[in-house]
Amino acid sequence: HTQSLNNMHKYTISVDYLKLYLLGGKFEDRDNIYFKRNQYSSRHYKFLETVYYFDQVIGTLEHTPFSSVLKNESSLFKVENRFLYSTELNYLLQSFFKTTGARFQNISRLDIAIDCNSFLNQYHPQQLITDYLQGKVERNGRGVFTVMGAEKNVKDYTYLRFGSRSSDVTVILYNKSLEMREVKHKDYIFQKWIQLGLDVSKDVWRLEFSLKSKAKYFVDTSSGEIQALTLECIFDNAFLKELAMGLAKRYFR
């Protein structure tokens, strides 16, 4: 999904993290879906398994809860990052549900990312961080923030986060190109930038919203009703754009 506001401003919107809460199902090798059990557990579930479709890793599954507070038949399925940028995602999820018999209940965590070279009027994200720290701009709202950067000839800010890791909504502005150079290059993201018109000769910055718990609900602007995010929302580009812009207006103003 892309939107061109003028010749100097383009951005892409992507789902960058997706974890699903499921009920039921049998997790055994069948119909080209395979499971490889890890030697360690997750925080809430006894078994942590890598899920394969043929020889491709498509996600990570947590099942068999430690606590009786969680439903015994519940599980969590985190989709492999690269498939979130693939046209195969819906097919893979439906294959997983059909093969295992697991039933989708709700979205446990969803990260929405807006990637751009600059904001409107060529306002650079790094300059926004500097202006924020110097008190030249203020954020609408209260809460904790975290900033990171490097000491060079000038302070080189590369990361600004609003909210804690446990917040229902966490907002992060950071240099995605730098992360891909220093941590891990993801060619499927890089190719999407090229395909949708971002200038990859310059650094691309990411504004990311991580939604957990109560934040997985939205207000339907047509009816005013509060609705839960559904799996179908993930495949609706118009909805994702509306959600991303709504989050930016609410949490990054």
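Arg206 counts as buried, with a relative accessibility of 0%; buried means under 20% relative accessible area, exposed over 50%, and partly exposed in between, using a 1.4 Å probe and protein chains only. The structure is a predicted model, in which local features need pLDDT of at least 70, side-chain atom pairs count only at pLDDT 80 or more, and totals for chains, interfaces and linings use all residues. Residues are numbered from 1 along each chain as its sequence is written, and side-chain values use heavy atoms, with hydrogens and water left out.

**Salt bridges in the whole structure**

- Side chains of opposite charge can pair when their charged atoms come close.
- The whole structure contains 10 salt bridges, a salt bridge being a side-chain nitrogen of Lys or Arg within 4 Å of a carboxyl oxygen of Asp or Glu.

- Arg206 forms a salt bridge with Glu208, and their closest N and O atoms are 3.8 Å apart.
- Glu208 is also buried, at 9% relative accessibility.
- Salt bridges link Arg206 and Glu208 in a network with Asp16 and Asp115.

**The pair Arg37 and Glu49**

- A salt bridge joins the side chains of Arg37 and Glu49, with an N to O distance of 3.2 Å.
- This pair links distant parts of the chain, 12 residues apart: Arg37 belongs to strand β3 (residues 33-37) and Glu49 to strand β4 (residues 45-53).
- Strands (E, at least two residues) and helices (H or I, at least four) are DSSP runs, numbered from the N terminus.
- Arg37 is partly exposed at 46% relative accessibility, whereas Glu49 is buried at 4%.

**The pair Asp203 and Arg181**

- The side chains of Asp203 and Arg181 also meet in a salt bridge, at 2.9 Å from N to O.
- Asp203 is in the loop between α4 (187-195) and β11 (205-212), while Arg181 is in helix α3 (residues 176-182), so the pair ties together parts that are 22 residues apart in sequence.
- Asp203 counts as partly exposed, with 28% relative accessibility, and Arg181 counts as exposed, with 54%.

**Cysteines and disulfides**

- A disulfide is a covalent bond between the sulfur atoms of two cysteines.
- A search of the whole structure gives 0 disulfides, where a disulfide is counted as a pair of cysteine sulfur atoms within 2.5 Å.
- Cys116 is buried, its relative accessible area being 5%.
- Cys233 is likewise buried, at 10% relative accessibility.
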